[in-house]
Amino acid sequence: MINKRILALGALLTLSFGLNAASSIEDCSAISDNEKRLQCYDNFLQKKNNTQTESTKLTVEDTVKPTKPVEAQEPQPEPQAPKAKPADSFGQEQIKSSSKKEVTELHSRAIGKFKMWEKGLEVKLENGQVWEITDHRSAYYKVENPKISIEKGIFNSYLLGIEGLNKRFRVQRIK
């Protein structure tokens with residue numbers, strides 16, 4: 001018997017709380033207790049969502065309407081890409097461009113007879129450039145008009161490689 005009374009009282013409180021749900025956001029904001037204010041907002045939004053879903057339900061007849069046959073349309077020109085804003089190009093200079101290729105290696109022939117490859121040796125190339133070996137290392141390699149390659153190194157340096165010699169020398173262009 002007591003259980004029935006408690007159950008009936010609980011149902012009555014639940015119904016009365018639903019009827020006392022706020023009719024506007026301002027009513028909820030006037031509540032000072034945090035938990036009650038939060039529950040008021042939740043109930044208000046739930047009530048608002050329920051009314052919206054009921055009003056947006058359509059019958060099958062409302063959604064399916066007879067349509068006219070589609071006529072052939074001329075192809076429309078493609079829309080142009082929006083113009084870039086100045087802020088879009090900020091920092092663009094740090095991105096390497098694929099259209100702008102930087103030369104990092106030179107292949108040529110050294111003119112003359114060479115025996116000792118050491119610091120101070122000037123190497124004249126077929127294209128007229130003159131490079132000087134600045135490296136402290138040396139090597140003995142006897143060759144005439146060898147194929148050479150000059151590669152760009154780190155810290156703005158250049159390395160000269162000689163075909164047939166497994167060694168590279170740091171060089172500097174002088175002409």
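Asp-135 sits in the loop that runs between β4 (130-133) and β5 (139-144); strands here are DSSP runs of E, at least two residues long, and helices are runs of H or I of at least four, numbered from the N terminus. The model is a predicted one, so local features need pLDDT of at least 70 and side-chain atom pairs pLDDT 80 or more, while totals for chains, interfaces and linings use all residues. Residues count from 1 along each chain as its sequence is written, and side-chain values use heavy atoms, with hydrogens and water left out.

With a relative accessible area of 15%, Asp-135 is buried (under 20%; exposed is over 50%, partly exposed in between, 1.4 Å probe, protein chains only). Leaving aside residues up to four places away in sequence, Asp-135 touches Lys-119, Arg-168, Phe-169 and Arg-170, contact being heavy atoms within 4.5 Å.

Arg-168 also turns up in the sheet: this β8 residue stands opposite Gly-161. Strands β7 (residues 158-162) and β8 (residues 168-173) pair in the antiparallel sense over four bridges; pairing takes at least two DSSP bridges. The whole open sheet has six strands in the order β1-β6-β7-β8-β4-β3, with antiparallel pairing. At its edges, β1 (105-109) and β3 (122-124) each have a single partner strand, so one side of each lacks a neighbour in the sheet.

Then there is the disulfide, Cys-28 to Cys-40, with S to S at 2.1 Å (the cut-off is two cysteine sulfur atoms within 2.5 Å). It ties helix α2 (residues 25-29) to helix α3 (residues 34-56), the cysteines being 12 residues apart. Cys-28, at 0% relative accessibility, is buried, and Cys-40 is buried at 8%.
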